[in-house]
Amino acid sequence: MRDGVRDEVGFIAPIEGLRGVAVLWVVAFHYMVVREAAFASDPWIALVHSFEPANVVVHHGFLGVDLFFLITGFLLTLPWFRHADQGREAPSTLDFYRRRARRILPAYYVQLAFLFLVCVPLLRTPTELRSDVPFYLVNLIAHATMLHYTTPITSASMSVNGALWTLSLEAQYYLLLPLLAPLFVRAPVRAAIALCAAALAWHWASYHDLAPLVGLEMKIGAAWNVPEGTIRHLLVTQLPAYLAHFAIGILVGRAWIRWRGRSPSPAEGAAWIAAALAALAVIYRIHRPGGQWLGEHTWFLIPLMLGLAMLALVCSGVAVARPLLANRPLLFVGRCSYSAYLYHLPLLLLWNRYAPRELGAMSLPLYLALVLAVSWSSWRFVELRFMRAGSSAPGAGADGERRNDGERLQERDTPEHGRVTPGVHEHAEGERGDGQSRVDA
């Protein structure tokens, strides 16, 4: 195997660990906010409350979702950039949709079965279930079609797995991506500016305008007396509001394509590390009292700063990125991060209801072990099975299209018993004919 290929793998591997960071951040956030009212004696909650920086970071773990959106933008446009650089025609839109469906839907539908057949019956009384049959039926249809985050009736996922709202936005983004990607290939900066402007406009309109849409959503939620403030929050978290996140992630991915394989000088490396720390400091300061520097538009600094941190840690080639983000524990969590995201919240609700209350300090480690065990099982027996089936299906193409689109790292040389095999990334890349790097998205 060529040394250059090995170097490229080390260069891209931090994105996998970054997904591990994102999902652990979201899990910590939900553990804190869901348990702190009823389990105030939990020593982990008391520990976080006792240290203000940790309290701020954990209570804003929903920013892990912002990070996920940037990572999606980073990864999924890589094949369009790569094909353009090689003078090839754009990737097949139909093949892209097929790959996305195989990657996302099987684990999602298995999780829905768990949600409706196990979680809802265990978390609701028989009387509630009988009286709310239409409500659960509407939710089932909306979730099965990934339209659940379009109405106030279904947006909270029955208060059993509210984290699923992001899957609805991701699915909408996948539909748009084959239309957006060529624009970024031709004029990446101008395309990103246009999407950022659209996101800013949507944010403003969601708070101050869109009266017909607000009225329609209020009629839909009239039986539940959904207030206008809730409707406007629903609107401000629809896909247009996150176009800036995806656009910034795409620009970071473009930078990775251009910079891969470079080794910065010690001075450049130090500057990049300082930039990453400064970006994280800005994000922290924004969420402290008085940090809303740009008023209601301060949110825009979040994808900008997260994008700068990604640029520094994933694209610049700094040596510290690999031990920091591409270590074995984070690579393992990153590999099964999608399933961890799907299951962590309903498992937490079941944990709060049925786990012994006297577990004390063992509660969090045991809960995390449960989440990781379920997530690894879902990844190993559902996600991986369908990814491998897709890679050998008709239409893979002699040119190895399915190996060139940033969507297949996880399915190769899989550790069969939950450990991260040394050199798995290097070996997976070593069999590529073109030496291009890839990461499963």
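Are W165 and Y242 buried or exposed? I looked this up in the predicted model and found that both W165 and Y242 are buried.

**Entry 1: aromatic pairs.** I then examined the rings of Y149 and W165, whose centres lie 5.3 Å apart with the planes at 40°, so I recorded the pair as tilted. I noted that Y149 belongs to the loop between helix 9 (133-144) and helix 10 (165-186), while W165 belongs to helix 10, so this pair ties together parts that are 16 residues apart in sequence.

**Entry 2: W165 and Y242.** I next followed W165 to Y242, with which W165 forms a tilted aromatic pair, at 5.8 Å centre to centre and 50° between the planes. I located W165 in helix 10 and Y242 in the loop between helix 13 (228-236) and helix 14 (243-259), so the pair ties together parts that are 77 residues apart in sequence.

**Entry 3: the cluster.** Which residues form one aromatic cluster with W165? I listed F69, Y149, Y173, Y242 and F246 together with W165.

**Entry 4: charges over rings.** I also looked for arginine side chains placed over tryptophan rings. I found the charged end of R260 over the ring of W256, at 5.8 Å from the ring centre. I recorded R262 over the face of W259, with a distance of 5.2 Å to the centre of that ring.

Terms used: Residues numbered from 1 in each chain as written. Predicted model: local features only at pLDDT ≥ 70, side-chain atom pairs only at ≥ 80, totals over all residues. Heavy atoms only, no water. Phe/Tyr/Trp six-rings, centres within 6.5 Å; stacked < 30°, edge-to-face > 60°. Helix = DSSP H or I, 4+ residues; strand = E, 2+ residues; numbered from the N terminus. Buried < 20%, exposed > 50% of the residue type's maximum accessible area, 1.4 Å probe, protein only. Lys NZ or Arg CZ within 6 Å of the ring centre and 35° of its normal.
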